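Here is a friendly look at how charged side chains pair up in this protein. Have the structure open as you read.

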Amino acid sequence: MSEAGTRCMWMRGGTSKGGYFLAADLPADPAARDALLLRAMGSPDPRQIDGMGGANPLTSKVAVVSASDRDDADVDYLFLQVFVDQAIVTDAQNCGNILAGVGGFAIERGLVAGQEGTTDVRIFMRNTGQVATASVATPGGMVTYAGDEAIDGVPGTSAAVPLVFDDIAGSMCGALLPTGNEVDVVEGVEVTMIDNGMPIVVLRAADMGISGYERPADLDGDEALKSRIEALRLACGPLMNLGDVREKSVPKMTMVAPAQGGGAFMTRSFIPHKCHDTIGVFAAVSAATAALLPGSPVAAMAVVPDGPRKMMAVEHPNGATACVLQCDEQGGVERAGMVRTARKLFDGVIF
(Lines give C-alpha, C1' and ligand atoms only; values in the text may rest on other atoms or scores of the structure.)
Protein backbone atom coordinates (compact mmCIF):
# COMPACT_ATOMS: atom_id res chain seq x y z
CA MET A 1 0.00 0.00 0.00
CA SER A 2 1.54 3.29 -1.10
CA GLU A 3 1.94 6.33 1.13
CA ALA A 4 -0.54 8.06 -1.18
CA GLY A 5 -3.18 5.49 -0.29
CA THR A 6 -5.45 3.36 -2.45
CA ARG A 7 -8.81 4.51 -3.74
CA CYS A 8 -11.76 2.51 -2.46
CA MET A 9 -15.40 2.75 -1.43
CA TRP A 10 -16.66 1.16 1.77
CA MET A 11 -20.19 -0.17 1.46
CA ARG A 12 -22.76 -2.27 3.20
CA GLY A 13 -24.01 -4.88 0.77
CA GLY A 14 -26.98 -6.85 2.09
CA THR A 15 -26.04 -8.06 5.56
CA SER A 16 -22.30 -7.80 4.91
CA LYS A 17 -19.84 -4.93 4.69
CA GLY A 18 -16.52 -4.38 2.99
CA GLY A 19 -14.24 -2.53 0.62
CA TYR A 20 -15.05 -2.07 -3.07
CA PHE A 21 -12.07 -1.50 -5.36
CA LEU A 22 -11.54 -0.99 -9.06
CA ALA A 23 -9.20 -3.72 -10.26
CA ALA A 24 -7.01 -1.02 -11.82
CA ASP A 25 -6.48 0.57 -8.39
CA LEU A 26 -5.03 -2.66 -6.93
CA PRO A 27 -1.71 -4.37 -7.68
CA ALA A 28 -1.93 -6.76 -10.60
CA ASP A 29 0.15 -9.35 -8.74
CA PRO A 30 -2.23 -11.42 -6.55
CA ALA A 31 0.28 -11.72 -3.69
CA ALA A 32 0.83 -7.96 -3.58
CA ARG A 33 -2.92 -7.38 -3.85
CA ASP A 34 -3.64 -9.74 -0.96
CA ALA A 35 -0.97 -8.12 1.21
CA LEU A 36 -2.58 -4.73 0.61
CA LEU A 37 -6.04 -6.06 1.48
CA LEU A 38 -4.82 -7.77 4.66
CA ARG A 39 -3.31 -4.48 5.79
CA ALA A 40 -6.43 -2.55 4.83
CA MET A 41 -8.59 -4.86 6.97
CA GLY A 42 -6.09 -5.14 9.82
CA SER A 43 -5.64 -8.89 9.49
CA PRO A 44 -4.47 -11.10 11.04
CA ASP A 45 -5.84 -9.85 14.36
CA PRO A 46 -9.03 -10.93 16.17
CA ARG A 47 -10.03 -7.28 16.62
CA GLN A 48 -8.63 -6.05 13.27
CA ILE A 49 -7.71 -3.02 15.34
CA ASP A 50 -5.16 -1.71 12.82
CA GLY A 51 -7.53 -1.73 9.86
CA MET A 52 -11.07 -1.23 8.64
CA GLY A 53 -12.32 -4.76 9.28
CA GLY A 54 -15.08 -5.22 11.83
CA ALA A 55 -13.65 -8.27 13.64
CA ASN A 56 -16.17 -10.52 11.91
CA PRO A 57 -16.04 -12.45 8.61
CA LEU A 58 -19.23 -10.65 7.52
CA THR A 59 -17.45 -7.29 7.74
CA SER A 60 -14.09 -8.37 6.28
CA LYS A 61 -15.00 -8.71 2.62
CA VAL A 62 -13.81 -7.21 -0.65
CA ALA A 63 -15.24 -6.64 -4.13
CA VAL A 64 -12.85 -6.15 -7.04
CA VAL A 65 -14.66 -4.65 -10.02
CA SER A 66 -13.63 -3.92 -13.60
CA ALA A 67 -15.23 -3.25 -16.96
CA SER A 68 -16.09 -6.52 -18.69
CA ASP A 69 -15.13 -7.56 -22.20
CA ARG A 70 -17.94 -10.15 -22.25
CA ASP A 71 -20.97 -9.65 -24.48
CA ASP A 72 -23.34 -10.68 -21.68
CA ALA A 73 -21.91 -8.46 -18.91
CA ASP A 74 -21.11 -4.83 -18.19
CA VAL A 75 -18.65 -5.45 -15.35
CA ASP A 76 -16.64 -8.28 -13.84
CA TYR A 77 -16.82 -8.86 -10.07
CA LEU A 78 -14.33 -10.87 -8.03
CA PHE A 79 -15.27 -11.52 -4.40
CA LEU A 80 -12.48 -11.93 -1.88
CA GLN A 81 -12.93 -13.06 1.72
CA VAL A 82 -10.27 -11.61 4.01
CA PHE A 83 -9.83 -13.78 7.08
CA VAL A 84 -9.96 -11.97 10.40
CA ASP A 85 -7.32 -13.79 12.45
CA GLN A 86 -5.30 -15.43 9.70
CA ALA A 87 -3.23 -13.95 6.85
CA ILE A 88 -5.51 -15.47 4.23
CA VAL A 89 -7.38 -13.90 1.31
CA THR A 90 -9.51 -16.36 -0.66
CA ASP A 91 -11.71 -16.37 -3.76
CA ALA A 92 -13.08 -19.86 -3.03
CA GLN A 93 -16.68 -18.67 -2.72
CA ASN A 94 -19.06 -16.02 -4.00
CA CYS A 95 -21.00 -13.51 -1.90
CA GLY A 96 -24.52 -12.46 -2.90
CA ASN A 97 -24.61 -9.81 -0.19
CA ILE A 98 -21.52 -7.92 -1.33
CA LEU A 99 -22.88 -8.36 -4.88
CA ALA A 100 -25.72 -6.01 -3.90
CA GLY A 101 -23.33 -3.05 -3.86
CA VAL A 102 -21.49 -3.81 -7.11
CA GLY A 103 -24.04 -2.18 -9.43
CA GLY A 104 -24.09 1.11 -7.56
CA PHE A 105 -20.31 1.12 -7.27
CA ALA A 106 -19.93 0.48 -11.00
CA ILE A 107 -22.21 3.40 -11.85
CA GLU A 108 -20.51 5.74 -9.38
CA ARG A 109 -17.09 4.83 -10.79
CA GLY A 110 -18.27 5.49 -14.36
CA LEU A 111 -18.07 1.91 -15.60
CA VAL A 112 -21.81 1.97 -16.41
CA ALA A 113 -23.89 4.99 -17.42
CA GLY A 114 -26.78 5.73 -15.09
CA GLN A 115 -30.23 5.80 -16.68
CA GLU A 116 -33.33 7.72 -15.62
CA GLY A 117 -35.21 5.86 -12.88
CA THR A 118 -33.51 2.47 -12.75
CA THR A 119 -30.26 1.17 -14.23
CA ASP A 120 -29.72 -2.53 -14.87
CA VAL A 121 -26.09 -3.58 -14.41
CA ARG A 122 -25.06 -6.99 -15.77
CA ILE A 123 -22.39 -8.47 -13.51
CA PHE A 124 -20.15 -11.41 -14.37
CA MET A 125 -19.27 -13.17 -11.10
CA ARG A 126 -15.75 -14.43 -11.62
CA ASN A 127 -15.89 -16.77 -8.62
CA THR A 128 -18.72 -18.89 -10.06
CA GLY A 129 -18.80 -18.03 -13.77
CA GLN A 130 -22.42 -16.82 -13.55
CA VAL A 131 -24.06 -13.57 -14.61
CA ALA A 132 -26.36 -11.56 -12.37
CA THR A 133 -28.31 -8.40 -13.16
CA ALA A 134 -28.60 -5.77 -10.44
CA SER A 135 -31.37 -3.18 -10.80
CA VAL A 136 -30.09 0.02 -9.17
CA ALA A 137 -32.26 3.01 -8.28
CA THR A 138 -30.94 5.96 -10.32
CA PRO A 139 -33.34 8.93 -10.28
CA GLY A 140 -31.95 11.53 -12.64
CA GLY A 141 -29.29 9.01 -13.65
CA MET A 142 -27.63 9.23 -10.21
CA VAL A 143 -27.36 6.37 -7.73
CA THR A 144 -29.49 6.65 -4.61
CA TYR A 145 -29.27 4.33 -1.65
CA ALA A 146 -32.32 5.75 0.11
CA GLY A 147 -35.59 3.85 -0.11
CA ASP A 148 -38.29 1.89 1.66
CA GLU A 149 -36.98 -1.68 1.41
CA ALA A 150 -36.19 -3.46 4.69
CA ILE A 151 -34.22 -6.69 4.92
CA ASP A 152 -33.77 -8.87 7.97
CA GLY A 153 -30.50 -8.19 9.76
CA VAL A 154 -30.19 -4.54 8.68
CA PRO A 155 -31.76 -1.68 10.65
CA GLY A 156 -33.87 0.87 8.80
CA THR A 157 -34.66 0.90 5.11
CA SER A 158 -32.80 1.50 1.85
CA ALA A 159 -33.43 1.35 -1.89
CA ALA A 160 -34.30 -2.14 -3.09
CA VAL A 161 -31.66 -3.85 -5.24
CA PRO A 162 -33.24 -6.79 -7.08
CA LEU A 163 -30.55 -9.30 -8.09
CA VAL A 164 -31.57 -11.69 -10.85
CA PHE A 165 -29.33 -14.62 -11.80
CA ASP A 166 -28.90 -16.34 -15.14
CA ASP A 167 -28.67 -20.13 -15.42
CA ILE A 168 -29.39 -21.23 -11.84
CA ALA A 169 -32.18 -23.66 -12.79
CA GLY A 170 -31.00 -27.21 -12.22
CA SER A 171 -27.94 -26.03 -10.30
CA MET A 172 -27.35 -29.50 -8.81
CA CYS A 173 -30.15 -31.66 -10.22
CA GLY A 174 -29.62 -30.89 -13.91
CA ALA A 175 -33.14 -29.52 -14.42
CA LEU A 176 -35.60 -27.19 -12.72
CA LEU A 177 -37.95 -30.15 -12.22
CA PRO A 178 -35.68 -33.20 -12.06
CA THR A 179 -38.57 -35.68 -12.34
CA GLY A 180 -40.21 -33.67 -15.12
CA ASN A 181 -43.33 -33.28 -13.00
CA GLU A 182 -44.78 -30.30 -11.16
CA VAL A 183 -46.03 -32.64 -8.46
CA ASP A 184 -45.16 -36.19 -7.43
CA VAL A 185 -46.46 -38.45 -4.69
CA VAL A 186 -43.62 -39.81 -2.57
CA GLU A 187 -44.16 -41.83 0.60
CA GLY A 188 -47.84 -40.97 0.25
CA VAL A 189 -47.19 -37.20 0.29
CA GLU A 190 -47.68 -34.70 -2.54
CA VAL A 191 -44.39 -32.92 -3.17
CA THR A 192 -42.72 -30.65 -5.69
CA MET A 193 -39.07 -31.53 -6.22
CA ILE A 194 -37.42 -28.42 -7.62
CA ASP A 195 -33.98 -26.87 -8.10
CA ASN A 196 -33.83 -23.18 -8.96
CA GLY A 197 -30.51 -22.46 -7.29
CA MET A 198 -31.00 -24.96 -4.44
CA PRO A 199 -32.53 -28.46 -4.53
CA ILE A 200 -35.56 -28.52 -2.23
CA VAL A 201 -38.66 -30.61 -1.65
CA VAL A 202 -41.81 -28.53 -1.15
CA LEU A 203 -44.70 -30.05 0.78
CA ARG A 204 -47.68 -28.86 2.80
CA ALA A 205 -47.04 -28.52 6.52
CA ALA A 206 -50.55 -29.85 7.12
CA ASP A 207 -49.66 -33.07 5.30
CA MET A 208 -47.00 -33.67 7.95
CA GLY A 209 -49.45 -33.08 10.80
CA ILE A 210 -48.25 -29.60 11.76
CA SER A 211 -49.54 -26.06 11.24
CA GLY A 212 -46.35 -24.63 9.76
CA TYR A 213 -46.23 -21.86 12.36
CA GLU A 214 -44.43 -23.77 15.12
CA ARG A 215 -41.18 -22.52 16.63
CA PRO A 216 -38.11 -24.20 15.11
CA ALA A 217 -37.10 -25.53 18.54
CA ASP A 218 -40.44 -27.28 18.88
CA LEU A 219 -40.07 -28.94 15.48
CA ASP A 220 -36.50 -29.95 16.31
CA GLY A 221 -37.84 -31.71 19.38
CA ASP A 222 -40.44 -33.70 17.44
CA GLU A 223 -38.55 -36.90 16.71
CA ALA A 224 -41.49 -38.57 14.96
CA LEU A 225 -41.82 -35.62 12.57
CA LYS A 226 -38.09 -35.54 11.89
CA SER A 227 -38.03 -39.26 11.20
CA ARG A 228 -40.86 -38.95 8.70
CA ILE A 229 -39.22 -35.95 7.01
CA GLU A 230 -35.90 -37.80 6.71
CA ALA A 231 -37.57 -40.87 5.21
CA LEU A 232 -39.21 -38.64 2.64
CA ARG A 233 -35.92 -36.86 1.93
CA LEU A 234 -34.06 -40.13 1.39
CA ALA A 235 -36.77 -41.26 -1.03
CA CYS A 236 -36.64 -37.99 -2.98
CA GLY A 237 -32.84 -37.86 -3.31
CA PRO A 238 -32.48 -40.43 -6.10
CA LEU A 239 -35.55 -39.05 -7.88
CA MET A 240 -33.80 -35.65 -7.97
CA ASN A 241 -30.63 -37.09 -9.53
CA LEU A 242 -28.81 -36.55 -6.23
CA GLY A 243 -28.26 -40.23 -5.49
CA ASP A 244 -28.03 -41.48 -1.92
CA VAL A 245 -28.40 -38.34 0.21
CA ARG A 246 -27.81 -39.85 3.65
CA GLU A 247 -24.55 -37.94 3.99
CA LYS A 248 -25.58 -34.94 1.89
CA SER A 249 -27.03 -31.60 2.94
CA VAL A 250 -29.45 -31.55 -0.01
CA PRO A 251 -32.27 -31.63 -0.74
CA LYS A 252 -33.62 -29.21 1.85
CA MET A 253 -37.14 -30.02 3.05
CA THR A 254 -39.49 -27.04 2.90
CA MET A 255 -42.92 -27.27 4.51
CA VAL A 256 -45.34 -24.51 3.53
CA ALA A 257 -48.43 -22.88 5.00
CA PRO A 258 -50.47 -19.73 4.21
CA ALA A 259 -48.66 -16.46 4.94
CA GLN A 260 -49.15 -14.72 8.28
CA GLY A 261 -47.33 -11.44 7.72
CA GLY A 262 -48.46 -10.21 4.33
CA GLY A 263 -45.97 -12.25 2.33
CA ALA A 264 -46.46 -14.91 -0.32
CA PHE A 265 -46.49 -17.97 1.97
CA MET A 266 -44.94 -19.27 5.19
CA THR A 267 -42.12 -21.84 5.40
CA ARG A 268 -40.49 -24.19 7.86
CA SER A 269 -37.32 -25.47 6.27
CA PHE A 270 -35.15 -28.40 7.40
CA ILE A 271 -31.50 -28.06 6.31
CA PRO A 272 -31.74 -31.03 6.25
CA HIS A 273 -31.99 -32.36 9.82
CA LYS A 274 -32.48 -29.14 11.78
CA CYS A 275 -35.27 -26.61 11.36
CA HIS A 276 -33.80 -23.38 9.95
CA ASP A 277 -34.39 -20.21 11.97
CA THR A 278 -34.96 -18.48 8.61
CA ILE A 279 -34.61 -19.95 5.11
CA GLY A 280 -31.66 -19.95 2.75
CA VAL A 281 -31.81 -17.36 -0.03
CA PHE A 282 -31.74 -19.85 -2.90
CA ALA A 283 -34.07 -22.23 -1.06
CA ALA A 284 -36.50 -19.31 -0.86
CA VAL A 285 -36.05 -18.67 -4.59
CA SER A 286 -36.77 -22.32 -5.37
CA ALA A 287 -39.85 -22.32 -3.13
CA ALA A 288 -41.13 -19.11 -4.72
CA THR A 289 -40.67 -20.68 -8.15
CA ALA A 290 -42.71 -23.68 -7.00
CA ALA A 291 -45.53 -21.30 -6.07
CA LEU A 292 -45.92 -20.45 -9.77
CA LEU A 293 -46.48 -24.10 -10.73
CA PRO A 294 -50.26 -24.70 -10.72
CA GLY A 295 -50.06 -28.25 -9.44
CA SER A 296 -47.57 -27.68 -6.63
CA PRO A 297 -48.48 -28.00 -2.93
CA VAL A 298 -47.76 -24.30 -2.39
CA ALA A 299 -49.59 -22.86 -5.42
CA ALA A 300 -53.12 -22.85 -4.00
CA MET A 301 -52.10 -21.07 -0.79
CA ALA A 302 -49.58 -18.58 -2.21
CA VAL A 303 -50.25 -14.90 -2.78
CA VAL A 304 -48.58 -14.20 -6.14
CA PRO A 305 -48.37 -10.67 -7.61
CA ASP A 306 -49.34 -9.87 -11.18
CA GLY A 307 -46.92 -8.88 -13.93
CA PRO A 308 -43.85 -10.49 -15.48
CA ARG A 309 -41.52 -9.41 -12.64
CA LYS A 310 -42.78 -10.81 -9.37
CA MET A 311 -41.30 -9.70 -6.06
CA MET A 312 -42.36 -12.25 -3.45
CA ALA A 313 -41.67 -12.29 0.29
CA VAL A 314 -41.14 -15.87 1.49
CA GLU A 315 -41.99 -15.89 5.18
CA HIS A 316 -39.97 -17.85 7.76
CA PRO A 317 -39.77 -18.02 11.58
CA ASN A 318 -37.86 -14.73 11.88
CA GLY A 319 -39.33 -12.59 9.12
CA ALA A 320 -39.24 -12.96 5.35
CA THR A 321 -36.80 -13.33 2.47
CA ALA A 322 -37.63 -11.23 -0.58
CA CYS A 323 -37.25 -12.98 -3.93
CA VAL A 324 -37.66 -11.72 -7.48
CA LEU A 325 -38.82 -13.90 -10.39
CA GLN A 326 -38.73 -12.80 -14.02
CA CYS A 327 -41.36 -14.66 -16.07
CA ASP A 328 -41.80 -15.18 -19.79
CA GLU A 329 -45.00 -14.56 -21.77
CA GLN A 330 -46.30 -18.02 -20.87
CA GLY A 331 -45.78 -17.42 -17.16
CA GLY A 332 -42.74 -19.67 -16.85
CA VAL A 333 -39.80 -18.50 -14.74
CA GLU A 334 -36.96 -17.32 -16.98
CA ARG A 335 -34.68 -15.93 -14.31
CA ALA A 336 -34.78 -15.70 -10.55
CA GLY A 337 -33.01 -14.03 -7.70
CA MET A 338 -33.34 -12.06 -4.50
CA VAL A 339 -33.92 -8.55 -3.23
CA ARG A 340 -31.11 -6.99 -1.23
CA THR A 341 -30.18 -3.43 -0.28
CA ALA A 342 -26.87 -1.54 -0.14
CA ARG A 343 -25.52 1.72 1.27
CA LYS A 344 -22.39 3.70 0.56
CA LEU A 345 -20.51 4.37 3.81
CA PHE A 346 -17.48 6.28 2.54
CA ASP A 347 -15.62 7.00 -0.64
CA GLY A 348 -11.97 7.95 -0.52
CA VAL A 349 -8.53 6.42 -0.04
CA ILE A 350 -7.32 3.82 2.41
CA PHE A 351 -3.81 3.65 3.85
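## Arg109 and Asp347

In this predicted model, Arg109 and Asp347 come together in a salt bridge, with 2.9 Å from N to O. Arg109 sits in the loop between α2 (96–108) and β6, while Asp347 belongs to strand β16 (residues 333–350), so this contact ties together parts that are 238 residues apart in sequence.

Are the two partners buried or exposed? Arg109 has 16% relative accessibility and counts as buried because the cut-off for that class is under 20%. Asp347, with a relative accessible area of 40%, is partly exposed.

## Arg122 and Asp74

Another salt bridge joins Arg122 to Asp74, and here the closest N and O atoms are 3.1 Å apart. This pair also links distant parts of the chain: Arg122 is in strand β6 (residues 117–125), and Asp74 is in the loop between β3 (61–67) and β4 (75–82), 48 residues apart.

Both side chains fall in the middle class of accessibility. Arg122 is partly exposed at 30% relative accessibility, and Asp74 is partly exposed with a relative accessible area of 23%.

Asp207 is partly exposed, at 31% relative accessibility, and Arg204 is partly exposed at 25%.

For the model as a whole, the count comes to 13 salt bridges.

How values were computed
Residues are numbered from 1 along each chain as its sequence is written. This is a predicted model: local features need pLDDT of at least 70, side-chain atom pairs count only at pLDDT 80 or more; totals for chains, interfaces and linings use all residues. Side-chain values use heavy atoms; hydrogens and water are left out. A salt bridge is a side-chain nitrogen of Lys or Arg within 4 Å of a carboxyl oxygen of Asp or Glu. Helices (H or I, at least four residues) and strands (E, at least two) are DSSP runs, numbered from the N terminus. Buried means under 20% relative accessible area, exposed over 50%, partly exposed in between (1.4 Å probe, protein chains only).
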